[in-house]
Amino acid sequence: GPLNLTCVSYKHPSVRGALGDAGGAAAGAVRCPPGQCCVGIWNRSHALVQGCWGGRGDACPSATCAPSPAGHPSSSVLLCLCHGHLCNGNATGAAAAPGGLGGPR
C-alpha cells in the first residue's frame with residue numbers, strides 16, 4: 001500500500017466541520033500517516049475538500065485522480081481517491097468542468 005504520501009490539503013470556506021483541516025482558502029500540502037492515500041471532493045465548479053483519506057490504502061488503486069459522482073450517478077459532488085504524489089490536486093476525466101478544477105496556482 002501507499003507509504004507516507006503527500007497530498008494537497010484544502011478546504012473550501014463553505015465547508016464546515018472536521019473534514020479536511022486546512023483552514024481558509026489557501027491550498028497547501030500535508031503529509032499523510034502511513035497507509036493513507038489522497039482524497040479530493042469537488043462540486044461542478046470548485047474543490048470542496050482535499051486531503052488524506054483515512055480508509056484502507058487498497059481503496060485507492062489509481063495513481064491519478066479520476067473523479068466519479070459521490071453517491072448516486074446524478075450527484076453534483078465528485079470524489080476521487082488516489083495514491084500518487086499530490087494526485088488529488090488535479091481532477092482529470094470527462095466529469096471535470098473545464099477550468100474549474102485546477103491545482104494551486
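Let's start with residues 94–105, where pLDDT stays under 50. This is a predicted model, and for that stretch it has 19 contacts beyond four places in sequence.

Now for the chain as a whole. The protein chain averages a pLDDT of 78, and 71% of its residues score at least 70. Among the elements, strand β3 (residues 37–42) has the highest mean pLDDT, at 94. Strand β5 (residues 68–69) has the lowest mean among the elements, at 90.

**The disulfides**

How many disulfides does a search of the whole structure find? The search turns up five. If the word is new to you, a disulfide is a covalent bond between the sulfur atoms of two cysteines. Number the bonded cysteines of the protein chain in sequence order, and the pairing reads 1-4, 2-5, 3-6, 7-8, 9-10.

| Cysteine | Partner | S to S distance |
|---|---|---|
| Cys-37 | Cys-60 | 1.8 Å |
| Cys-65 | Cys-80 | 2.0 Å |
| Cys-82 | Cys-87 | 2.0 Å |

Take the bond between Cys-37 and Cys-60. Cys-37 sits in strand β3 while Cys-60 sits in the loop between β4 (47–53) and β5, so this pair ties together parts that are 23 residues apart in sequence. Are these two cysteines buried or exposed? Cys-37 has a relative accessibility of 0%, so it counts as buried. Cys-60 comes in at 3%, and counts as buried too.

Next, look at Cys-65 and Cys-80, which are also joined by a disulfide. Cys-65 is in the loop between β4 and β5, and Cys-80 is in strand β6 (residues 78–82), so the bond ties together parts that are 15 residues apart in sequence. The torsion about their S-S bond is about -105°, so this disulfide is left-handed. Cys-65 is buried, with a relative accessible area of 2%, and Cys-80 is buried at 2% relative accessibility.

What about the handedness of the disulfide between Cys-82 and Cys-87? Its S-S torsion is about 95°, so this disulfide is right-handed. Cys-82 is buried with a relative accessible area of 0%, and Cys-87, at 9% relative accessibility, counts as buried as well.

**The nonpolar core**

Some of those cysteines turn up again here. The largest nonpolar core has 21 residues, and Cys-38, Trp-42, Cys-65 and Cys-82 are the ones that touch the most other members. Which strands each supply at least two residues of this core? They are β1 (6–11), β3, β4 and β6. The largest share comes from β3, which gives five residues.

**A closer look at Pro-69**

Finally, zoom in on Pro-69, which lies in strand β5. Its relative accessible area is 33%, so Pro-69 is partly exposed: buried would mean under 20%, and exposed over 50%. Which residues does Pro-69 touch, leaving out those up to four places away in sequence? Its contacts are Ser-75, Val-77 and Leu-78.

Terms used
Residues are numbered from 1 along each chain as its sequence is written. This is a predicted model: local features need pLDDT of at least 70, side-chain atom pairs count only at pLDDT 80 or more; totals for chains, interfaces and linings use all residues. Side-chain values use heavy atoms; hydrogens and water are left out. pLDDT is the predictor's confidence in each residue, from 0 to 100. Helices (H or I, at least four residues) and strands (E, at least two) are DSSP runs, numbered from the N terminus. Contact means heavy atoms within 4.5 Å. A disulfide is a pair of cysteine sulfur atoms within 2.5 Å. Buried means under 20% relative accessible area, exposed over 50%, partly exposed in between (1.4 Å probe, protein chains only). A nonpolar core is a set of buried Ala, Val, Leu, Ile, Met, Phe, Trp, Tyr and Cys residues joined through side-chain atoms within 4.5 Å.
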